[in-house]
Amino acid sequence: MVTAASKEILMRLWRLWCVVLVLAGMVSAGAAGVPATQKAGMAQPAKIEFVEETLENGLRVIYAPLHQAPVVHVRVAYHVGSRDERPDRQGFAHLFEHMMFRGSAHVKPEEHMKLIGIVGGSSNAFTEFDTTQYVNTVPANQLELALYLEADRMASFKVSDAIFQTERKVVAEEWRIRQNQPYGKVEDDFFKLAFEKHPYRWTPIGNMEQLAAAKSEDLQAFFNRYYVPNNAVLLITGDIDVAAAKKLVRGYFGWIPRGEKIVREIAAEPKWTQAKRGEVTYAVPLDLVATAYGTPGYGAKDDYALAVLATILGQGESSRLYRALVAGENPLCVGVEAYHLVMEDHGGLAAGGMVLKGKSAEDVEKRIRGLLADICEKGVTEEELAKAKAVHRVGLIRGRQTAVQLSQQLAEEAIKAGDAGRVNTAMARLEAVTREDVQAAARRYIRPENSVTLHVKPSLLAMAANLLKGKKEAPDTQVTPSSQPIRARVVEFPKGYEATPPVGDSVIEATYPKGVEATVEGVRVIVMEDHRLPLVNWNLTMRCGSHCEAAGKEGLGELVASLMTRGAGGLSYGPLSEDLESRGIDISVQDHGDYTQLAGSCTSEQVEHAMRRSREVLLEPALPQKEFQQLKAQTVSGLKVSQEQPRNVANNDLQEALFGRGPLGRQETPESVTGLTLEDVKGYYKQVYRPNGAFLILSGDVTVERGQSLAGQLLKGWEPANLPQADYTLPKEGEVRKIILVDRPAGEQGTIRMGLRAYTNRSEEQYAGAVASKILSSGIDSRLGRYVRAEKGLAYGVWGGFQPGRQAGNFGAGTDTSLATTGEAVEAVFKVLGEMCGTAVREQELREAKSRVIGGMVLGTQTISQLAGYRAEVMLNGWPGDYYDAYPAKIAAVTVEQVQAVMKRYVKDDRVILVVVAPAEKVKEQLAKFGEVEVVRMPAQRKEAGPEGGDDTATK
């Protein structure tokens, strides 16, 4: 385990090429198998109750009621993805995902997201190899609105050259974001190596040159063919009345004409007859090894055996890969992972890892293949099989919590397997897997000639080579006007069809239960009962964290938090991980700066054991020398990766520029972590992990009486002590605009961040600030989204708003854009911010922003863990107990004058701090018009500060 920030980076990098994951608890259903008898007393996932029908036009509709919160999820899953594209038109499916928000017969451009947002909902879409899905989550009284919007664009979307031009530029920026990451090309390189003929050889993001060569009429033809009722599944889940929902569906969707039968001409992939190997060189700090063995597509009989095999091999800290490569006597990797990837036509058992600095990628590959060979030869143990089943079982239970989760599972089965009912056979099929099944599947697919391996090699010369040959950016050419008429689908809406989207008038208010509070062993304990699912969660919050680190010890708090679960209560790291994972118990410790949390979750049957282990982690951590040394090495390697991540660099440098090198501005570095000692760890633990001011929240399938008893078991004998105090004194704010350009010569995009200090979360200004933030940055129809993205096409995403904290707050904004338009994008953001400060917002904008804030609150109340999170926020911040109950009224009272006042007070154009990460030679001149530009190197190339605290890497 590495620090939270670097762990997130590593996991994201590793999964770049794992587009379709079989997540724990969401494995695909096998084609055959006999349900096994469930073990007595063992918690089981709830059955998903649903009703299915097929309309006369071929549209399949699934209704799944879930009445735990007044929330409804509407999803339209089209059976079209990058696999359906012509080889010379890669990216059509993904481009369409973007264009479908550009209006239809009765919906104006950008209005879809706007209307969903105004009522407090969320709307988005995603493109995969096999499907494109459009998702809307709304308060329950807005079901009709979501159905109307989806039906209107299914029936009447029309491509235009103008829409194509703008959205192609936006897609190009999304493409650049990926290319601009240190390992951003891994996904493309891996699939290109793995497949020769099948369209899986290119990824859904698309080919920018081919999109530049396309015509609008080509895109319209793509829509006309695939975006038809008989090629889609409509899913409605959540707080619905099925009979009423059916009536709405038939009215809005039933009349849409059926499309022609789709005949797919997918190129067959030749059988793999020899191992495929590839080696690529990137300007990155660490090697990456990724290997996969070909398996059948979705619904094959070995799916569950392979999912179990992947879990045993590389999921969790007691997995074979983790023990051998990360936590063993001779660790070779920062992190490892194994998954069974399942797409519609093909799958793969994938494994790999990011290699520790100074270790051999060849040794990593050899160790992985050795572990797989051992499974083929000797099989797996009964204990490993039981643990894997427990992991999947708990995942399935957790996957029944929200309307979105139900919809995702039903959509996968309905489209890829043709049978949504398979969601309810998943556990039985999993339980039916035997050790023999796992070994047989391993022997069937883990063969040298059935493998593909990619080795990513770091190279200091790669950056120089990129500069010499010049970076090839996504084409920015204008759309060639259509040479032929754009033949939109001819439809005639029913007589009396509503010409405007039906927005519900009433507002559903969220409710926030407080639980039952008591003092147990001197600690405030809140128990929040919820018996809908056999799950229990707990969160112990301690009032001190890494903000108390001494200067030069940055990273100590996160290192201690990670080390807490590496052995406790007399159990070493391996046995403790094995014990927890075999029971489906999750216990983690996380540092959050001014507080530290011990959190956990499990099924209700395991809660007594889980609480004993939590007590041991809290009061009896081993903090062993061996684990400390290994963790420190992995953390340093992870930080070196993080230092190459442009967004991390921009955020960190902005944070320091805003708040100085005190607790709020400093960052851990490879050097600071390298200097830490085990004595530092033990001293920090003794000081920080104390009950002074702490509170514990237990939520879920637990009674108040039992919860308080469990709290007593956890907290008994925990002794208070004087907590260290952080110094939050901030340096004086600058009085002129400050521009920092971080020179990243290999960069393919300008990463832009800007900020100023602002109010804390105790200020009454937070309400006007929340409304202002929604006006600025609440989707493509917001002021920033509309101007920077929709009108100018400068960015894939752009944001801006107030970010109040307990100790300090700030206003921030940011985007990523092409190198050629970096200055233009900065100017565009400045323009929008200036207009917000200089001119009062419109009353309609104000009303809509308030509605977004108030209406959106209900979406955060779907699970007991979400509600417990709100309760924790209230306690952590010292807010009144009715803070969230009163919040809607506070928002409703915000005036136009208050919004403008909070903007004018804090968003001062002449004092903004601007940080841009990009090749200096390509963007410095663009930025110079905004003021004096200070150029600094990337973090890994910076020299240590001199005696005066200056950085001699800076130039003007």
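This is a predicted model: local features need pLDDT of at least 70, side-chain atom pairs count only at pLDDT 80 or more; totals for chains, interfaces and linings use all residues.
Local features need pLDDT of at least 70 and side-chain atom pairs count only at pLDDT 80 or more, whereas totals for chains, interfaces and linings use all residues. Residues are numbered from 1 along each chain as its sequence is written, and side-chain values use heavy atoms, with hydrogens and water left out.

Helices and strands are DSSP runs (H or I, at least four residues, for helices; E, at least two, for strands), numbered from the N terminus. Two packed helices are described by the angle between their axes and the distance between the axes. Axes are lines fitted to C-alpha atoms, for helices over the stretch in contact, with angles from 0 to 180 degrees between N-to-C directions.

Helix α27 (residues 783-791) and helix α28 (residues 822-838) have axes that come within 10 Å and cross at roughly 150°. The two helices are therefore roughly antiparallel (angles under 35 degrees count as roughly parallel, over 145 as roughly antiparallel, 65 to 115 as roughly perpendicular and the rest as oblique). The crossing of α27 and α28 is right-handed (the near helix is turned clockwise from the far one by less than a right angle; anticlockwise is left-handed). On the α27 side the contact (heavy atoms within 4.5 Å) is made by Arg783, Leu784, Tyr787 and Val788, and on the α28 side by Ala828, Val829, Lys831, Val832, Glu835 and Met836. These residues comprise 7 nonpolar, no polar and 3 charged (Ala, Val, Leu, Ile, Met, Phe, Trp, Tyr, Cys and Pro count as nonpolar, Asp, Glu, Lys and Arg as charged, and the others, Gly among them, as polar).

Helix α26 (residues 765-776) also packs on α28, at an angle of about 135° and with the axes 12 Å apart. This pair is therefore oblique, and its crossing is right-handed. Ala772, Ile775 and Leu776 of α26 meet Val832, Leu833 and Met836 of α28, a contact with 6 nonpolar, no polar and no charged residues.

Beyond its neighbours within four places in sequence, Met903 is in contact with Ala772, Leu776, Phe802, Phe811, Leu833, Met836 and Cys837.

Leu559 is placed in helix α18 (residues 556-563) and counts as buried at 1% relative accessibility (buried is under 20% relative accessible area, exposed over 50%, partly exposed in between, with a 1.4 Å probe and protein chains only). Its contacts, leaving aside neighbours within four places in sequence, are with Phe628, Leu631, Lys632, Thr635, Leu676 and Val681. The C-alpha atoms of Leu559 and Thr635 are separated by 8.0 Å, the two residues being 76 residues apart along the chain. Glu616, in helix α20 (residues 607-619), is buried at 16% relative accessibility. With the same exclusion of sequence neighbours within four places, Glu616 is in contact with Ala568, Gly569 and Pro621.

Positive phi values occur at two glutamates. Phi is near 70° for Glu110, a residue in the loop between α2 (92-99) and α3 (111-118), and Glu110 is buried at 12% relative accessible area. For Glu521 phi is about 55°; Glu521 is found in the loop between β12 (516-520) and β13 (523-529) and is partly exposed, with a relative accessible area of 45%.
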